[in-house]
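Student: I would like to learn how to read a residue and a strand in a model. Please take me through one case.

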Amino acid sequence: DALLDNAVKYSPTGGTLTVSLDVSGDIVYVEFTDSGVGISANQLLNIWKPRNRVERPDAINLAEVKRIVEGHGGKVWADGSPGKGSTFNVILRKIEQ
């Protein structure tokens, strides 16, 4: 939810957001790609740091996304470049019920 929220927040009106899901064996891969403002290499180093909740106390930040995903044995990372959008990737293990 937080990754979708960020993609919408940082994309211009009329921009695109693509969510891809791939399941291979017990691995679930989700990719969120947007046509937003993008992320510089310097920003990529800092986006996973804890943030203050003053601006949006109801929203979880990327540090919490990383903590939750890694807490479930997964991985999360981002790619992007200024003016060319961003891609956030999540890999989790599928749980059989």
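This is a predicted model: local features need pLDDT of at least 70, side-chain atom pairs count only at pLDDT 80 or more; totals for chains, interfaces and linings use all residues.

Tutor: Residues are numbered from 1 along each chain as its sequence is written, and side-chain values use heavy atoms, with hydrogens and water left out.

Student: Where is Ser-11?

Tutor: Helices (H or I, at least four residues) and strands (E, at least two) are DSSP runs, numbered from the N terminus. Ser-11 lies in the loop between helix H1 (2–9) and strand S1 (17–24).

Student: Is Ser-11 buried or exposed?

Tutor: Buried means under 20% relative accessible area, exposed over 50%, and partly exposed in between (1.4 Å probe, protein chains only). Ser-11 has 19% relative accessibility, so this residue counts as buried.

Student: What is Ser-11 in contact with, leaving aside neighbours within four places in sequence?

Tutor: Contact means heavy atoms within 4.5 Å. With those neighbours left aside, Ser-11 is in contact with Thr-16, Asp-34, Ser-35 and Gly-36.

Student: Which residues make up the two faces of strand S2?

Tutor: In a regular strand the side chains alternate between the two faces of the sheet. In S2 (residues 27–34), Val-28, Val-30, Phe-32 and Asp-34 form the covered face, while Ile-27, Tyr-29, Glu-31 and Thr-33 form the uncovered one.

Student: How many bridges pair S1 and S2?

Tutor: Two strands pair if DSSP finds at least two bridges between them. S1 and S2 are antiparallel and have eight bridges; Asp-34 in S2 is the bridge partner of Leu-17.
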